[in-house]
Amino acid sequence: MADASSATRTSPRRRTSAGAWVVRAIVAVYLFLLVLWPTAVLFRGAFADGLGTITAAIADPDVVHALVLTGQTAVLAVAINLVFGLGVSLLLVRYDFFGKRVLSWLIDLPLSASPVVVGLALLLVYSPVYGWFGPGLREAGIEVAFAMPGIVMATCFVSLPLVVREVVPVLTELGDDQEQAARSLGAGGWQTFRRITLPGIRWALVYGLVLSLARSLGEFGAVKVVSGHVIGQTATATVAVESAYQNNNTEQAYAIAVLLVLATVLCLVVVAILHTRDAREKG
Amino acid sequence: MSIEVSQVSKRFGDFTALDDVSVSLPSGKLTALLGPSGGGKSTLLRIIAGLEHADAGTVRIEGTDATHLPPQRRNVGFVFQHYAVFRHMTVAKNVAFGLEIRRRSHAPWTAASRAERARIAERVDELLHLVHLDPFASRLPSQLSGGQRQRLALARALAVDPAVLLLDEPFGALDAKVRKELREWLRRLHDDVHVTTVFVTHDQEEALEVADEIVVINEGRIEQVGSPDQLYDSPANDFVMGFLGDVTTLGGRRVRPHDIELLTTPTRVDAVEGTISRVLRIGFEVRLTVLTDVGEVVTVELTRAQATGLGLREGATVFLAHDEPAHRRILQPV
């Protein structure tokens with residue numbers, strides 16, 4: 001004990017060097033200029049006269065419509081991502097098949113491709129005027145482009161990889177030992193999935209879904225192209241922000257933007273809480 | 001015969017894991033599948049369990065053709081090398097898993113359901129007691145040691161009263177001391193429970209110590225089947241002899257180093273003269289390297305007491321002779 005205390009005295013805790021302080025300062029300035037300042041200005045604009053701007057924005061039925069549309073789209077996209085994200089992840093980790101690498105690469109495509117390109121590609125296929133299926137679908141009474149289905153498709157396209165990329169490494173790390181053990185103990189395929197696989201990946205799955213929810217709320221490029229951005233009909237919250245700003249209705253733009261930021265922050269808080277729970281369970 | 005494997009072959013790409021293997025594993029006995037890594041023993045075990053499918057051949061378990069049955073319908077318990085315990089479940093829940101899966105579905109509020117739950121809880125207690133894990137029932141597997149996890153995996157496999165218990169290198173991931181304890185414990189457990197048990201190992205000492213019967217597998221083929229004594233004393237070929245214990249050559253014959261009789265005077269006419277070139281002490285035994293007059297390098301193993309009694313040191317002249325093991329046993333009962 002005496003040895004330990006004298007050792008602490010003779011070699012004091014590592015001091016932060018001047019270099020480290022410089023690096024910290026650079027990071028702080030960078031974050032301030034890039035994130036903190038713009039966000040602060042946005043909030044100041046939105047709350048310039050208290051809650052007035054927000055309440056005024058919410059009183060506008062077009063704004064409410066945009067917010068509701070964004071909410072519905074995000075919830076639908078997350079539900080679809082849950083099913084397909086799980087399916088694709090299981091396919092990629094647990095099965096070997098021809099073209100597996102191509103599939104894995106395709107899943108990553110939305111992360112690297114510009115959302116505007118995604119929107120355009122969807123239009124080329126589903127546009128009721130010149131798309132491949134569009135006219136046929138329209139005759140069958142199904143509207144895809146310039147309507148909610150198109151918006152949901154575009155949103156799913158850009159947010160699916162977030163679920164798959166969260167789940168795949170955890171599923172790989174989990175291995176199939178436990179699944180085989182469950183099989184040998186008499187569990188069928190569905191029981192094994194529900195009792196063994198799903199609990200093993202639940203936090204990764206929820207984490208991926210929350211990230212994809214945040215992404216869905218904020219999607220702009222693909223949705224703008226595919227939706228036709230008709231205010232009050234197919235404009236989502238992000239599209240409404242841009243359109244309000246273009247029309248010099250800056251206050252409304254601020255108000256919707258702040259609501260979007262708050263929703264995203266909420267998602268990140270949920271993710272942070274999940275992370276600590278996950279870590280505690282593993283420890 | 002409890003498990004009948006006939007003409008089973010399995011290939012992984014270019015690699016032949018099993019080549020037309022036929023073997024019968026006896027009921028109620030503890031059988032070891034012994035062989036070097038990559039020899040096909042684990043593949044054979046996994047084919048018996050249904051975790052792997054044979055390219056050709058059939059597997060019968062307790063008289064039923066199991067070749068095309070999925071693992072959950074074969075009534076086998078499987079214990080994995082790396083335990084494969086369910087990480088998100090407590091020790092008790094792990095053991096109860098197989099029972100819960102088989103549970104007849106009753107509405108949760110009925111008396112039948114309550115009776116069923118009580119029955120499962122009782123069986124879990126019984127099994128945890130059997131594997132000495134009763135104080136850990138409500139812990140998570142991450143709070144257990146390696147040896148405890150393996151005992152948990154064993155209790156979990158036993159819970160469903162399997163017709164056959166299959167263990168894939170059950171002690172491979174444990175350190176030497178725990179491994180020794182656990183295999184003695186497995187032997188005692190088997191004497192209590194008497195379930196037909198097959199375990200895979202590459203450790204000949206483990207197989208010799210624990211098993212009633214040993215199946216030696218190498219390069220996808222069965223080399224020999226027999227009791228530990230049969231295999232050790234009359235190996236069918238050089239591979240089995242070399243795999244089951246140390247081998248040296250004396251007078252052109254392959255013999256066990258500890259079967260060589262070492263004399264300091266030529267009291268036997270068939271003894272070969274030689275000089276000790278090296279003396280190596282390993283714990284309680286002494287390993288000598290002897291260079292014979294005919295130019296053979298022979299390894300001889302003695303106990304420390306024997307070596308001290310004979311006053312052996314490097315450079316000394318000695319005489320080596322060898323008797324057939326069966327002979328030896330009659331002359332010097334162990």
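## A walk through chain B

Start by selecting strand 1 (residues 3-12) and strand 4 (residues 56-61) of chain B: the two pair in the antiparallel sense over five bridges. Strands here are DSSP runs of E, at least two residues, and helices are runs of H or I, at least four residues, numbered from the N terminus; two strands pair if DSSP finds at least two bridges between them. You are looking at a predicted model, in which local features need pLDDT of at least 70, side-chain atom pairs count only at pLDDT 80 or more, and totals for chains, interfaces and linings use all residues. Residues are numbered from 1 along each chain as its sequence is written, with chains lettered from A and ligands numbered from 1 in the order in which they are written.

Now click on B:Ser9, whose bridge partner in strand 4 of chain B is B:Ala56.

Finally, select helix 4 (residues 146-158) and helix 5 (residues 176-193) of chain B. Their axes (lines fitted to C-alpha atoms over the stretch in contact, with angles from 0 to 180 degrees between N-to-C directions) come within 11 Å and cross at roughly 20 degrees. The two helices are therefore roughly parallel to each other (angles under 35 degrees count as such).

Methods: Angles under 35 degrees count as roughly parallel, over 145 as roughly antiparallel, 65 to 115 as roughly perpendicular and the rest as oblique.
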